[in-house]
Amino acid sequence: MATEITEAAEVKGETQPLQPLLPGLPDDLALRCLARLSNITCAAARATSRSWRAALSPTTLNAIRVSSDLPSTQLLFLSLSSTDPHSQFQWFFIDPLRYRCFPISTPPSSSLSGLISGRAVSKYGQFFLQLLGEVNDVSCINLLRFSRKPSSNLSSSIGGSNSSPSAVTIQSGHLKGQEWTYDIVQVPEREQTTATTHLWSTYLGLGRLLFVACGSSASTMAMSFDGEQWKNLPHLNEPRFMAAGLTFKGQVWVVGGRRVRNSRLEMVESGEVFMPESQKWRLVLGMWPRHLQSLEGVPCLVAVMGRMFGLKMGSNMIVVWDEDRNAWDCLGLIGEKYVDTGFKGRILGVEYEKIWAVIEEPFMVFELETSLNIAIKSVSPSEIVIQTRENIGNLKWRRIDSELQFGGCERALECTLIEV
């Protein structure tokens, strides 16, 4: 029986049914067709009307994708190894909808001789790893780019020679044999930037664009990359490096980080958001307070279900941004019974409904069980209630790395989510 989607609209005292999602098709069949669209296309469709927004929710579409065995629209890339420093790392894709793990063949070691651990980023259909190299005996930062589908325009000029795309292959599961091409993309120098500048730059993807910002104690530069060409963007308001980068409600954010002032290293507490209409960065003071930071690593922030979540550095404490108060509220600890001495890793927004936590060493993956339809109600400045469809209570984390069946991997090197 077709799924009937209605909206209560009082017109002459009667409730008027909505038009079909797709003319000529029952809504259940229309949803099976729409579930094949990318998340970017679905997000644009949801903005057209209330009925489309309700019908094309991630919860509805992901259930259809699983039941119809459709491909996931998001994959998690993980680079893992054992604690033995001489052992070779392994690469995996994870399908977050089905909790399936797929090993990937790695490029030849010559391609990865300058790979910098922990620097992975993605944009639509692609992901990138930072690669430290040399051109004419000068150090430079390049990006090792992986693309889901082979393309004739992937070759790039590095030091006057062409880098032709090669491929890595998924080795098992229902994605077995799928190839991802890879090549090298050179990050251009801007003004007085150096390889060290790009080493600590902030990288993030929004749709089909890759953004690069800042990177040294005096740098406020910003650039975007559309897959073929780099474009200079307006400068940020404050210099910073080792800052967090995320996309929140379709906007580009650069938050926190470090800078050198009066010959001293200090933490930056502000954030900045890029305003496409005015082509300027707007400064948000106090966006990432000092008590949430540490000089040891890059801030970790992620957007899930229209809210911004963060990880308190040097701790396994999750915090959530309250836009009305411009303040962070503490929610709870990740894997409290497993993690005794703090959290070293990342939190991720998986398939727009879940929060996953990846701990670097010892390697563990947790899923927030009650993350669907999170509604956060402030009871007092120090007390937060998490309400879901099932219950009201504390955050509940479920350890899932054994379920994903990695086998023999004890340390996480890089990880990033990929929109496919």
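A residue counts as buried here when its relative accessible area is under 20%. By that criterion, 49% of the chain's 420 residues are buried. Please keep in mind that this is a predicted model.

The secondary structure comprises 34 strands and 6 helices. Among contacts with a separation of 6 or more, 54% are between residues 24 or more positions apart.

Let me turn to the annotation. An unreviewed UniProt entry lists residues 23-55 as "domain: F-box". In the model, that stretch is 67% helix and 0% strand, with its end C-alpha atoms 15 Å apart.

Now to the interior. In soluble globular proteins, nonpolar side chains tend to be buried together. Which residues of the largest nonpolar core touch the most other members? They are L76, L78, L80, W356, F363 and F406, within a core of 20 residues. Two or more residues of this core come from each of β3 (74-81), β4 (90-95), β27 (345-350), β28 (354-359) and β34 (411-419).

Leaving aside residues up to four places away in sequence, F363 touches L78, L80, V358 and F406, among others. Its contacts also include the residues R399, D401, E410 and R411, as well as C409 and A412.

Finally, there is a second, separate core of 19 residues. Its members include I104, L112, F127 and I418. Thank you for your attention.

How values were computed:
Residues are numbered from 1 along each chain as its sequence is written. This is a predicted model: local features need pLDDT of at least 70, side-chain atom pairs count only at pLDDT 80 or more; totals for chains, interfaces and linings use all residues. Side-chain values use heavy atoms; hydrogens and water are left out. UniProt positions are given in the numbering used here, feature names are shortened, and annotations may be inferred rather than shown by experiment. Helices (H or I, at least four residues) and strands (E, at least two) are DSSP runs, numbered from the N terminus. Buried means under 20% relative accessible area, exposed over 50%, partly exposed in between (1.4 Å probe, protein chains only). Contact means heavy atoms within 4.5 Å. A nonpolar core is a set of buried Ala, Val, Leu, Ile, Met, Phe, Trp, Tyr and Cys residues joined through side-chain atoms within 4.5 Å.
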